[in-house]
Each structure stands twice: as C-alpha cells, then as structure tokens.
Amino acid sequence: MMRVLAIGECMVEIAPTDTVGEFRLGFAGDTFNTAWYLALCAPDVSVSYLTAVGDDAISHNLRAFMQASGIDDRFVQTSPDRTIGLYLISLDKGERSFSYWRGQSAAKTLANDPDRLDAAMAEADVIYFSGITLAILDAEQRAVLLSSLRDARRQGKAIAFDPNLRPKLWVSSEEMTNAIMQGAAVSDIVLPSFEDEASWFEDATPEATANRYLNVGATTIVVKNGEAPVLYAEGSQIGEVPVVPVSNVIDTTAAGDSFNAGVFAGHAMGMSLHNGITYACSLSREVVQKKGALVDINPAALLVKSV
Ligand code: AMP
C-alpha cells in the first residue's frame, strides 16, 4: 500500500451560497485539496496530512472532517494559542475574489519540531508539499522543513512538489523564486503550472519550465497548462497529453491540486506516467465544472473515461 504524506495549511472557507447574504463554511487549502482528492480516488492509498491547528471548536471540526474524508490526522499538531486560517470568497458579477485571515494561523508552526517532521516522513513513501507550504513558514522553519525533506529523500522517499507561486505570500518575488528553486532541489517530482512559471521565471515554453526543474535535480516534471496539453519529462523522455477542454468552466479553484492527486492516484494504481496524467486530466476536468475547491465527483466514472 502506497503511503502519502501531504504537508501544508488547511483553512476555513466561507463561500457565498445561491442566496444573497448567506454563506457556507467549508475547509480547503492547496495541499489539503490534493490529500482530499487522493483519499477519494484511491482508497487503497494511505493519505496523511501534516499541519498544525488550534484547540478550539473549528479546529476540532477540521480534524473530524479529515477523519470522515479518510485522511489520517495523527500528524496534525495542536497549537493551543492559535487557530486555523480563514478565507472568504466574494462574488462580484460572477467574478470571485478572496480575502484571507491567515497571518497568525496555527499552520505557520507546522515545522517547529524537526523530530516530529522526521517521524511523520519515516512512515511515508511519497511526501508532498508546495510553494504555499514554504511561503507560510518563517526562514528558520522553512530551512528545517527543507532539511527534513532532503534527509527523507536520501532515505529513498519520493518527494513531490507543486511550486504554486503566490507572490502575495512572499516579501518579494526574488524571495519567492529562490525558495521555490530550493524546494525543487529537494524534490524528485515537480508539478508546476505553466502560466505562473512563465510570469515569475520568464520561461518561454513549458519545455523551458521542465528543463529548469530538471537542472536542479528533479527527475519527473509535469507541467500543467490550463486547457493546453500537459507536458511531462521523465528523465530524458519527454511527452505530451492533450486536455479535452471544458466549454463552460464554472470555477478553476483546485484544478491543479486535484490534478496532482490524479497523478499520485494513477501511480498507485500502477499506471504509466502518461496514463496517470490522462487520469489526472479527467479528474480536474470534473473539478472545474463545479463550484468550490472540494467538489462531489464519482471516482469510478473517472477510471472508465481515462482508459
Ligand atoms: P492549470 O493549473 O490551470 O494549468 O490547470 C490544471 C489542470 O486542470 C490542467 O492541466 C487541466 O488538466 C485541467 N484544466 C484546467 N482548465 C481546464 C479547462 N478549461 N478544460 C479542461 N481541463 C482544464
């Protein structure tokens, strides 16, 4: 059984409902979304989430939600003097915008104990983190996390990384791009989205993005590109998987996160990387057709479509 450990921040999501002025509480966060879709699509995979939460009602609700979703919460640390971060989705004529309250979130302390990180990683085969995981940590804890990941990789764990570039979470774009390349340098698998990479690293093509990450030592690169084909590089082998575009996209939130879950699920099911990407595309294709980060999908139907 493949064991996956995802590391990062899960927030409370306050989303508008169809009734003006009424909102619904949910939970979401990039690495958490991936863990959630993976647990849903690959029940044979053991999925754990490492983060920190508070000791209040909403933090307890998050833990209960994780357990109900099939996500192991043994590596969720409690920071009694903090609570989980929160974001509000606002709608203005169909356009979504996000307001965040996460500056003091418990998740910022997730790497304050190297022994805890090492113990969690020791029980995993694949360890997944993102540029947002790095962004929420101060420089010292970021270095602790990177060092644990480096050690885990030496011990034969596969490290997977989504750069998820979010300039607002960083002091400067230079700090962001430096930290992202440090994250890639401890990783085997990098899962970037081309549009962001082109903006912040000035990559002319998805091939340039793949090469930049191969050059720092990653061996498998999967470059997502919206409705354009997915480019992948596995060692010296390069391939492309076409995307079947959706005519009416409802909400692209978690498109990339669910895609990553599809790649891991495909691998766990014994698929080639190419077939795993086809599977990932059919999963994220469903996700962009529904509102919200965590949407209702039928995993069995996906398998039929991607064969
Ligand atoms: P992105 O992070 O925007 O590059 O999107 C991640 C993945 O979501 C893509 O590789 C596609 O598989 C899927 N996706 C995004 N936008 C669309 C779309 N308009 N139609 C179908 N699939 C999409």
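Modeller: Ring pairs link Phe27, Phe32, Tyr49 and Phe65 into a cluster. Keep in mind that the model is predicted.

Biologist: How many aromatic pairs does a search of the whole structure find?

Modeller: The search gives 10 aromatic pairs.

Biologist: Why is the pair of Phe98 and Tyr100 called stacked?

Modeller: Ring centres must lie within 6.5 Å to pair, and planes under 30 degrees apart count as stacked. The centres of Phe98 and Tyr100 are 6.4 Å apart and their planes stand at 20°, so the pair is stacked.

Biologist: What makes the pair of Tyr128 and Phe264 edge-to-face?

Modeller: The cut-off for edge-to-face is over 60 degrees between the planes. The planes of Tyr128 and Phe264 are at 70°, with the ring centres 5.3 Å apart, so the pair is edge-to-face.

Biologist: Which parts does this pair tie together?

Modeller: Tyr128 lies in strand β9 (residues 126–130) and Phe264 in helix α9 (residues 255–268), so the pair ties together parts that are 136 residues apart in sequence.

Biologist: Why do Tyr128 and Phe264 count as buried?

Modeller: The limit for buried is under 20%. Tyr128 has a relative accessibility of 1%, so it is buried. Phe264 has a relative accessible area of 4%, so it is buried too.

Biologist: Where does the charged end of Arg212 sit?

Modeller: The charged end of Arg212 sits over the ring of Tyr213, 4.4 Å from its centre. Arg212 also lies over the face of Phe201, at 3.7 Å from the ring centre. The distance limit for a charge over a ring is within 6 Å.

Biologist: What makes β3 and β8 edge strands?

Modeller: Start with the sheet: 4 strands form an open sheet in the order β3-β2-β7-β8, with mixed pairing. Strands β3 (23–28) and β8 each pair on one side only, and they are the edge strands. From one strand to the next, the twist averages 25°.

Biologist: How do you know that β7 pairs with β2 and β8?

Modeller: Two strands pair if there are at least two bridges between them. Strand β2 (residues 11–16) and strand β7 (residues 86–92) have 3 bridges and pair in the parallel sense. Glu13 has Tyr87 in β7 as its bridge partner. Strands β7 and β8 (residues 95–101) are joined by 7 bridges and run antiparallel. Here Leu86 has Trp101 as its bridge partner, and Leu88 stands opposite Ser99.

Biologist: What do β7 and β8 form?

Modeller: They form a hairpin with 2 residues between the strands. Lys93, in the turn, has a positive phi of about 50°.

Biologist: Where does helix α2 lie?

Modeller: Helix α2 (residues 57–68) lies across β2 and β3 and runs at about 65° to β3.

Biologist: What makes helix α1 mostly covered?

Modeller: Of its 12 residues, 11 are buried. Among them are Phe32, Trp36, Tyr37 and Cys41. Helix α1 (residues 30–41) reaches 17 Å from its first C-alpha to its last, close to the 16 Å expected.

Note on methods:
Residues numbered from 1 in each chain as written. Predicted model: local features only at pLDDT ≥ 70, side-chain atom pairs only at ≥ 80, totals over all residues. Heavy atoms only, no water. Expected span 1.5 Å × (residues − 1). Buried < 20%, exposed > 50% of the residue type's maximum accessible area, 1.4 Å probe, protein only. Phe/Tyr/Trp six-rings, centres within 6.5 Å; stacked < 30°, edge-to-face > 60°. Lys NZ or Arg CZ within 6 Å of the ring centre and 35° of its normal. Axes fitted to C-alpha atoms, helices over the stretch in contact; angles between N-to-C directions. Contact = heavy atoms within 4.5 Å.
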